[in-house]
Amino acid sequence: MRIVIAPDSYGGTLSAPEAAAAIAEGWRRVSPGDELRELPLADGGTGFLDVLHTVLGGQLLQVQVTGPLDGKPVDAAWLKVDDVAYIEMAQASGLHLVPKEHRDPARAKAASSRGVGELIAAAAADSEVSRIVVGLGGSATTDAGAAALAVLGAVPLDEAGDPLPDGGGALARCARLAGPPVLPERVRLVLAADVDNPLLGQHGAAAVFGPQKGADEAAVAELDAALGRYAEALAAAVHQDPAELTTAPGGGAAGGLGAALLACGGERVSGAGLVRELSGLDAAIESADLVLTGEGSFDWQSLRGKLITAVAESAAARGLPCLVLAGQVSVGRREAAAAGVEAAYSVAEHAGGVDASMADPAGTLAALAEDLAGQWRR
């Protein structure tokens with residue numbers, strides 16, 4: 001059999017290359033003669049830059065930027081390929097940079113996207129760059145990109161005209177911006193978003209993704225209201241309709257950073273679709289018999305534009321079965337089938353529980369792949 005193994009990263013436990021290698025290792029234990037092609041992918045979130053560097057080459061440029069908490073610096077990079085700069089926001093403001101014990105309501109309201117703005121500014125300062133593609137996903141922030149845009153001149157001010165501290169919670173006091181965000185005229189922004197959620201409401205940045213970052217019910221409500229107030233100030237600064245900014249698909253991506261980049265005139269594209277195109281996924285699948293993909297949690301969010309849907313759609317278009325090997329699975333069979341997924345399997349269930357699977361992420365993923373190789377060979 002010819003098998004393409006094309007997973008995303010697994011929620012901070014395994015990178016996409018590590019996951020692909022684990023699946024391949026397990027499969028070979030049963031079917032060593034199968035032809036396996038490992039094609040680790042990303043959808044705009046964690047691993048976006050590494051995947052693109054692997055498939056496109058280019059030059060990785062290291063930058064020290066402001067991290068998501070307490071202004072502490074973190075090391076990040078941006079990728080230059082000809083006149084295009086690629087940025088992974090999770091490198092500067094990712095949830096993996098916030099230890100689990102620090103994911104509480106106060107920090108969820110204070111987390112900052114300033115480092116992303118610093119990455120954008122660094123790329124824009126290169127005179128050869130005419131397009132900046134920002135991968136959105138895996139964020140620790142819910143500040144609608146306010147701190148990122150502050151780096152570009154759009155500093156949030158309170159009623160007295162004083163600058164606000166970073167973080168989504170402080171935006172409840174936002175009266176206006178010091179000015180519009182400014183980029184060189186030659187530079188165009190592209191948002192590679194992993195979801196299509198809007199900025200506000202029950203499907204918005206705070207309601208859907210805030211709890212993952214430590215926000216409780218009260219903090220979610222506070223953040224949603226604060227983002228709404230900031231959106232009005234941002235819309236006024238860039239002469240846009242606030243309603244369009246708050247309801248635009250993808251505006252809620254990466255804690256609302258999507259809305260900030262849209263306000264800068266950014267063009268939204270599917271992060272999974274972009275990686276699918278640049279990685280040559282369709283061509284790789286063309287000669288395959290079976291496709292394997294996966295991520296940390298195969299849930300309803302996976303069906304809103306994440307990588308698994310892109311891989312499954314490509315496989316389904318060629319009449320190939322696509323199997324999902326995920327840390328946890330909460331998508332029903334009917335919904336999975338509608339997305340092009342033949343079957344979905346949970347590592348946690350196979351390992352006997354979440355704790356067991358997390359104790360050895362690569363080993364338990366390989367064990368699941370080994371079991372499936374036996375089933376699918378028969």
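Biologist: How many cavities of 30 Å³ or more does the structure hold?
Modeller: This is a predicted model, in which local features need pLDDT of at least 70, side-chain atom pairs count only at pLDDT 80 or more, and totals for chains, interfaces and linings use all residues. Residues are numbered from 1 along each chain as its sequence is written, and side-chain values use heavy atoms, leaving out hydrogens and water. For cavities (on a 1 Å grid, points where a 1.4 Å probe fits but cannot get out), the number of 30 Å³ or more is one.

Biologist: How much space lies in the largest cavity?
Modeller: Its lining (residues with an atom within 4 Å of a point) includes L69, L95, V98, H102 and K213. R103, R107, A108, A111 and A140 also line the largest cavity. The space in the largest cavity is about 40 Å³.

Biologist: Which residues lie nearest the centre of the largest pocket?
Modeller: The largest pocket (an open set of points with protein on both sides within 12 Å along at least five of seven lines) has about 1,300 Å³ of space. Its lining takes in 43 residues. Those nearest its centre are Y10, G11, G12, L95 and G296.

Biologist: Which elements give two or more residues to the lining of the largest pocket?
Modeller: Elements here are DSSP runs, helices of at least four residues (H or I) and strands of at least two (E). Two or more lining residues come from each of α10 (253-263), α16 (354-359) and α17 (361-377).

Biologist: What is the bridge partner of I3 in β11?
Modeller: Strand β1 (residues 2-5) runs parallel to β11 (residues 290-293), and three bridges join them. In β11, I3 is paired with L290.

Biologist: Is T141 buried or exposed?
Modeller: T141 sits in the loop between β6 (131-136) and α6 (146-151). Beyond its neighbours within four places in sequence, T141 has contacts (heavy atoms within 4.5 Å) with M89, S93, A111, S112, S113, K213, A254 and G255. Buried means under 20% relative accessible area, partly exposed is in between, and exposed is over 50% (1.4 Å probe, protein chains only). With a relative accessible area of 0%, T141 is buried.

Key
Points joined across faces, edges and corners; volume = space filled by probe spheres on them. Pairing = 2+ DSSP bridges.
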